[in-house]
Every structure is written in C-alpha cells, then in structure tokens.
Amino acid sequence: MWYRSIGFKLIFSVGIAVMLVFMVFSYVNLEAQRKQLLQEMVRNSNLVSEVIKRSLRYNMLQYNPDQLYQAIDTIGAQEGIEKVRIFNARGEIIYSSDKKEVGTVLDKTAEQCYACHSKEKPFKRLSTTDRSRIFSTAKGYQLLGMINPIYNEPDCFSASCHVHPKDQEVLGVLDIDVSLREINDLIKDQRNKMVLFTLLAVSGIFIIIAVLINRLLRQPVKQLLEGTERVAAGDLMTPIPVTSKDELGILANSFNQMTARLRDSERELKASEEKYRSLFENDPNPIFVVDLETFQIMDVNIRAIETYGYSREEFLSMSFLDLGDEEEAEKIQSLVVHSCIFLPKIRHRKKDGTVLYVNIHSCPRQHLGKDVIIANIADISDRIQAEAQLIQAGKMATLGEMSAGVAHELNQPLNAIRVGTEYLHKIFTRNMKVSEEVVKKVCNEVISQVERASSIINHLREFGRKSEVDELDKIDINKPIRDVFTLLGQQLRVREIEVKLELDDNLPPILGVPNRLEQVFLNLVMNARDAILEKKEIMVNGDFHPCITIRSYCEGDKIVVDVIDNGIGIPEEVKDRIFEPFFTTKEVGKGTGLGLSISYGIVKDYGGSIQIESTGKEGTTFRITFPVADK
Ligand SMILES: Nc1ncnc2c1ncn2[C@@H]1O[C@H](COP(=O)(O)OP(=O)(O)OP(=O)(O)O)[C@@H](O)[C@H]1O
Ligand SMILES: [Mg+2]
C-alpha cells in the first residue's frame, strides 16, 4: 500500500509540520499587524479629537453655539468619522453630528463613560489607549470610540459669558467614533493573502520534498527492497546498483558484500554437501538415516538399496525395525539411546526374504532439525558362515583327537554286552539250569549297556552336528560342563587325572547353546589335560597328583565358571597370544591353535568374557563369566 511507504509518511509528516509552522507564523504576523494598525488608529483618533477640541475652544469661550455645532457637523461629515458629539458633566449630549440623540442623558455605565467611571470610582485621568474602545454597530462593522475630557481651565471659569465654577474639574467630554471598516478590510485582505501564500508555500514544499524523497530515499530503498526480495527468492547473482555515497549507498554496498559472502558460503556448502553425499552414497556399507523417535527411515545410500533389494521410495515408507524380526526390533529399540552403540549379529531380512546377518553401528545426530540415528550396517553373513565352518572344523578336530578316548568309552559297555551275551549263549548251548531271575538280570544289564553306548554315540553325533547360527536358549551352565566328561571321562581316568566338579546346582540360567558351550569347556579341559601331561613328563620324581577342578558359582548378576588345573602353566611371553587363532605351542599334528580363539568367539557371542585368572608353576585358572538370562 502506497500510504504505508516511508516516503509517504515522511512527506506527510514534514508537510504537516511545515503547514503548522506557517500557520502559527501567519497568525502571529497578522495579529502584530492588526495591533500596530489599531495603535496607529488610536493615535490618529486622539489627534483628531485633540484638533477638534482645540478648534472648538474659541467658539466655546465666545459661547457661540451655532458656529460650534456647524464645525462639529463639518468634522462629523468627513469620511471615516462616524460621529462627533459633546457630553456635559451630567452625561447629557449637548450636541452630536447625529441630531437624534441630542439631549439624551447617558448614565455612567454607558460604554462611553465606563472607562472613566468604572465601578462608580471617581474620575481619573486616563491614557490614550484607556480612553479608546472598540465596539460593533448594529450594521455589523466595528468602530473605534475615543473620548476626550474637556477640562475646566482658567479661561473657562473667568470668562464673562458663562462662568463655570472654579472647582469643577471636567466640563464635559468630546466623543469621536471612527469607523474601523477600512482597517478590518485591510487585515482581512492580508489574512487571505497569507492563507494563499501558506497554501502555495506548503504545496511547493510538499512537491520539493516529494521529489527529493523520491530521488534520495524512495528509489534507493526500492532497489534495496527488490534486492532483498531477489535474495529471498534465491537469486544471489544480481547486485543492487550503488548510486550514492550516503548511508543508503553504504547500505546497498554492504548488502552486495553480504550477498557475495552468502553466495560463497552457499557454494562451499554445496561443495561440502556433494562431498558428504558422495561419501554417503559410495560407502561400501549400507547406511540408514533413521528418525530417533519413530524409527522411520529418512534416507539410505545406494549400498543399502543394493544389499536389501528395496527401492529408495520403498525404504522411505518403511520403519528401520521392519528390516528385522520382532525380537531384533525390541533389541534395537531398547539399546538405541543418545550415544553411539554397537549391535553385533543382528538378523535382517532382504526384500526377497533372505536372511542377512549384520553388525549395526549407530550414532545419534541432528539432521534437518530432527534427532536421528545414523546406522552403519556391516554385512557379516559371510563371516558368520566362515565362523560356523571354523567352529565345525574345530569340533571335528576335537572329535578326531578324542577318538581314542571315545573308543575307550565305548569299549566298556561293549565288553559288558559281550560278557552278558556270551553268558546267555553258554546257557542255551549247554542247556544250563539257571533261574529266570538271573537271565532277566543279564538281559537288563545288556540292555542298559546298549543304552549307554548309544547315548555316547548320540552325544557324539549331537556334538558334531553343524549349526549355521545359534538360536539362544535358557540353559543351566552345569549341563554342558557335565556333558564334557561323557566323552572325556574315561580318557582322563586312564591318565589318572582326577576331576573335581564343584558345581552349584541352584544357579540361574544363562542364554546360550549347550552344544557350543560344551565345545568351550571341552577345549578348556583338553588344554588342562595337555598342560598336566606336559608337567608329568618333566616331573621325574616327586609326588604329583594331577587334578582338574571345575567350579561354578554366582557372583552378583553374573555366572562364573573357573576351570583350574595344576599343569605346566602358561609362560609369560605367550600369555598375550593364546587367544589368537592358530597360536599353539604344541607339536605339529597335536594342536591347531584354534581351541581358545573359537571358545573366545562363542563366549563373546553370549555376552560373556573369558580370561586367564592366574597362571604359574602350580597351574592355570581360566575364568569364564556369563550374564544371567533375564526372567
Ligand atoms: N591350561 C593351560 N595351561 C598351559 N597352557 C595352556 C593352557 N591352555 C592353553 N594353553 C596354551 O595356549 C595355547 C593355545 O591353546 P589353544 O587351545 O588355542 O590351542 P591348542 O590347544 O594349542 O590347539 P587346539 O586346541 O586347537 O588343539 C596352547 O598351545 C598352550 O600353549
Ligand atoms: Mg586347545
């Protein structure tokens, strides 16, 4: 709107101010002129009345009333003089140029008398101004009345014609009324001229200010405004023309500098955005930008699209939790907090339903004013496969090594079966008389030995079974510990190694897979066995009582298992390397060096830890800790 512009407001306010100044100035000026003219008029009237008074003096002294009245008529007929009259001391008009009022008596409150006789005060001599008065006639114009007292002089009270008493101070009053029409017309004319001048001057000033403001203010401001609108619309290339060196010129210059700087930073921002977009898109791992509150996917890189098989649009309408199963989603929801976290081995599904194992590294960030997480996904499906194969290889190696022990283990029931069946054979071939009771007992023993042998074989088969990825169950840690000795018990007995199981039977469950945990304890017990056998070799004499102790107990919210042996101990220089894959101190063919590294991986998978608690000449203690499973 034009009336909201600075130019209009400025012109309007300056115009009003100028008009007010002119009006006040004109008023003061006119008033001063009016006052001056009136004073002049008063002086002139006084002069005229003085001249009349003096010119009439002779006629009065001679007491020649006809001549006196004629003179008054002549003066009264002059242009500008409205009326001339004479009052005597009693207020009676003894003569007037207006014949009708001759003989009229005025009281002291009449406007002609009021100046001298106000409030019944005694007469006093007045100044010229006080003797004058302005009043309006019935015809509507103004008159200036001037009274001039006729004082008693020696001539008057000593003259022979008519003697006034000597003590009478004032004999009468000469009153002249002069018309102010001419002066009023003059003042009116002046006022009209002044108003016209004011209007012309204000209009002129209006026009000058408008032109100046338009040139000096409106145009540059308009250009600045257009410039800001261009910048707001995203055009940073067109500068504002700098037309002056005043404040607006400086402002335009600063604005151009600001736009240039904005252009530079926009260019830098674009370059940086392109750089990060390219890093984001070309990252070898899938990356997701996910809303921290809703888990809605906000952005993905090309690798994510390639890995999961969803299009970008499909991803943007999905939740990050949709990529995994329900329990995985719960894990992600509970773990994603306001700090960086690492979630290992999360199971995700591709669009075609194929399972994919990933490690998620997620960090909270701010993106487009929202709290988000940047989830970097590492596809570890191949590694999991390789790990599973390695574990399987480890198992097979263990089984191979244990074959002798297993043979021993199987030998016992087989021997018992042979003895039992040979006895039964003898009974039937020799037709021996044996009670039914004894035959039943032998048969039962054979059956129980067959069951034992089959349980060993089943256990072997179960242990050797290949499993791709673990499904975690709540298990009692003591079970896999005891199972170890199903396969190894006989072997240790043969080598006269005592086994002490100090297991707490009231332990809360842990999360894991029995098969794999058995592999861990098997590795530890076999290492303990080897350490003891090595020590036995060097202990030529002296009493050495080989012993392996396995202790399980609860400590806070952790389950702890100590595997203690009194073997050779681990030398200081190899202590830090024993968990490395393929590290072994054993002879070629005796150890692969995988036992501890596989055990370490399994324990870590279940959220636990494995470490050497102590080692030395008196033996080694391995300590394994697991978190208690949630209820
Ligand atoms: N209880 C122990 N006492 C002394 N040394 C041990 C003990 N346990 C492990 N070690 C040392 O750690 C090394 C690595 O053990 P690890 O179980 O990983 O491999 P390995 O037993 O040599 O071979 P594998 O277990 O594959 O047959 C062993 O060679 C041995 O030197
Ligand atoms: Mg080993």
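**Figure 1. K586 and D530 pair up in a salt bridge, their closest N and O atoms 2.9 Å apart.** Here a salt bridge is a side-chain nitrogen of Lys or Arg within 4 Å of a carboxyl oxygen of Asp or Glu. K586 sits in the loop between α15 (572-575) and α16, while D530 belongs to helix α14 (residues 514-538), so this contact ties together parts that are 56 residues apart in sequence. D530 is buried at 18% relative accessible area, and K586 is partly exposed at 28%. Those words follow simple cut-offs: buried is under 20% relative accessible area, exposed is over 50%, and partly exposed is in between (1.4 Å probe, protein chains only).

This is a predicted model, so local features need pLDDT of at least 70 and side-chain atom pairs count only at pLDDT 80 or more, whereas totals for chains, interfaces and linings use all residues. Residues are numbered from 1 along each chain as its sequence is written, chains are lettered from A and ligands numbered from 1 in the order in which they are written, and side-chain values use heavy atoms, leaving out hydrogens and water.

**Figure 2. D530 also meets R529 in a salt bridge, 2.9 Å from N to O.** Both R529 and D530 are buried.

**Figure 3. D605 reaches K345 through a salt bridge with its closest N and O atoms 2.4 Å apart.** This one links distant parts of the chain: D605 is in helix α16 (residues 595-605) and K345 in strand β8 (residues 341-349), 260 residues apart. Across the model, the salt-bridge count comes to 32.

**Figure 4. Helix α1 (residues 6-61) runs for 56 residues.** At 1.5 Å a residue it should span 82 Å, and its end C-alpha atoms are 81 Å apart, which agrees. The expected span is 1.5 Å times one less than the number of residues. There is a bend of about 30° at S55 in α1, the bend being the angle between axes fitted to the seven residues ending there and the seven starting there.

**Figure 5. The domain assignment gives domain 1 (2-186), domain 2 (244-282), domain 3 (283-378) and domain 4 (384-627).** These bounds come from an automatic or database domain assignment. Between domain 3 and domain 4, the C-alpha centres lie 41 Å apart.

Note on methods. Helices (H or I, at least four residues) and strands (E, at least two) are DSSP runs, numbered from the N terminus.
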